[in-house]
Amino acid sequence: MAARSLWRSRARFLAVVGTAACGGAAGAAVAASDDPATALKLCTVVPVRLARDAATAASIAFDYQYSLLGLPEGSEERSRVKHEVHLRSALKLQELCFKNGGIYIKLGQHIGQLEYLVPEEYAKTMRESMLNKCPVSSYDQVREVFKKELGETPDKIFTEFDPVPIASASLAQVHVARTPDGCKVAVKVQHTHMTDTAAADHATVDLIVNTLHRIFPSFDYRWLVDEMRESLPKELDFLVEAKNSEKCMDNFRKLSPHIADYVYAPKVYWNLSTSKLLIMEFMDGAQINDVKTIRKLGIRPSEVSKLVSQAFAEMMFKHGFVHCDPHAANLIVRPMPSRSVLGNKKPQLVLLDHGLYKELDVSTRTNYAALWKALVFADAKAIKENSVKLGAGEDLCALFAGILTMRPWNRVIDPAVDHLVIQGSESDRSEIQMYASQYFSEISELLRRLPRVILLMLKTNDCLRAVNNALLQGSSLETFLIIGKISSEAVLEAKKYETRSLLRRLCVWLEEMSVEARLFGMQLALWLLQLRKALPW
């Protein structure tokens, strides 16, 4: 009893000393800082976030350990309980992301797109909450950003400024305003806490991910932390975002003039924009997953799906400069003025949020195009060759193909014309989750091996799949026809550029004819399928 009392008194003494030491260190850091207010904020906010992280991680770990204890592997009872624990844990993680904000919401968005790696409960919870329910900065905080960046408050710069944001994301929120000359604009304002806590949050997440990897070696998300370390500073500089939007449009005009009119980015007001404020032309239209509104605008969702596939295939396979965050909140659809076919208006795709772009060098771009060409044509040999060139290795090339297409290997190499089409049914989703669970360690190893630029292409691919699923309730053969056509064009263009001899040029020309014939055959099969569906029998 005396020993226990002594231990308690020592523990209290150590706690007091530890608190005093931490407080003294924090006080010294604040006093020595060039910006005491920011240093004080960091010293008070970061420990709270770390404690919150630790508490959430411990709660989730204990829930799994306790709830599944003694339940036989493979039993119905274990599956039911595991589903409940997944759901509870996903909600705890969601709450943590919302409380901490910023980088944590970015991580939540990533998790929402990793259907092939995390349980469905996590992916669904994050996907449904992280895009449209992000924390909002107060109007006083918005005024503070304006004062720091432009020296004036919003009411002095604009004739109208709505203090209530129309949208809030992980890094910023958007307000509607009107300039003195009467133009309606969208005003993107960076959250004030991002600048103060971004570096500390990144260090905290880095520590957690590395600690989890040491305890559970198969849990290796270090690539995600590395990618965020590289991309976040660019995303936090809105002038980089503005330049990206102009470069993207310039690429379409120069390299893809046939669809340049159908892809649009809002005009930037450079005289009012800074690294933390971005003033753009306001865009009216329907969010890309709002099928009901798209139809009301006189646009067919299938036409929108084709345009999205075409625009991003051009970026990936021809431009080598890719918008890597095309989730539903960043894509708007509006009717093309005075263009319609049989009463249906042609869609125009408006690209928002140009903060996250990735450049593909010529070799990577060509190999990635060749891989997608092989996937569309079910060419097993070319799939393996190009997977190896992109870093997947021979042993994981089938898994790489499966992650890109969300199809098992036997379907990937099936010669059937619709071998890659996903119906979006419950059985399709169950199959994906089964493979994710079965090959978790192999998927983690593949993600560790692949270059970060390809990891960003996987993220882009996941976003586009979600968009297509919302528009079509699955994928369509026409989408893969578009991907097959544009990837083939990119591969053949690269071969033509490298070819010098007449004989080689003849070989490339014959290959081009062969590709055209195969694509025509697939198009014919598509028309027959559509005809069969349309006929009443």
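This is a predicted model: local features need pLDDT of at least 70, side-chain atom pairs count only at pLDDT 80 or more; totals for chains, interfaces and linings use all residues.
Colleague: Which backbone atom lies 3.1 Å from a polar atom of the side chain of serine 273?

Modeller: Residues are numbered from 1 along each chain as its sequence is written, and side-chain values use heavy atoms, with hydrogens and water left out. Serine 273 sits in the loop between β5 (263-264) and β6 (277-281), strands being DSSP runs of E, at least two residues, and helices runs of H or I, at least four, numbered from the N terminus. The atom at 3.1 Å from its side chain is the backbone nitrogen of isoleucine 279.

Colleague: Is serine 273 buried or exposed?

Modeller: Buried means under 20% relative accessible area, exposed over 50%, and partly exposed in between (1.4 Å probe, protein chains only). The relative accessibility of serine 273 is 9%, so this residue counts as buried.

Colleague: Which residue forms a salt bridge with arginine 80?

Modeller: A salt bridge is a side-chain nitrogen of Lys or Arg within 4 Å of a carboxyl oxygen of Asp or Glu. The closest N and O atoms are 2.8 Å apart, and the partner is glutamate 77.

Colleague: How does lysine 148 count, buried or exposed?

Modeller: Lysine 148 lies in helix α6 (residues 139-150) and meets glutamate 144 in a salt bridge at 3.7 Å, N to O. Its relative accessibility is 65%, so lysine 148 counts as exposed.

Notes. A polar contact is a pair of N or O atoms within 3.5 Å; within protein, one must be able to donate a hydrogen and the other to accept it, and residues adjacent in sequence count only if both atoms are side-chain atoms.
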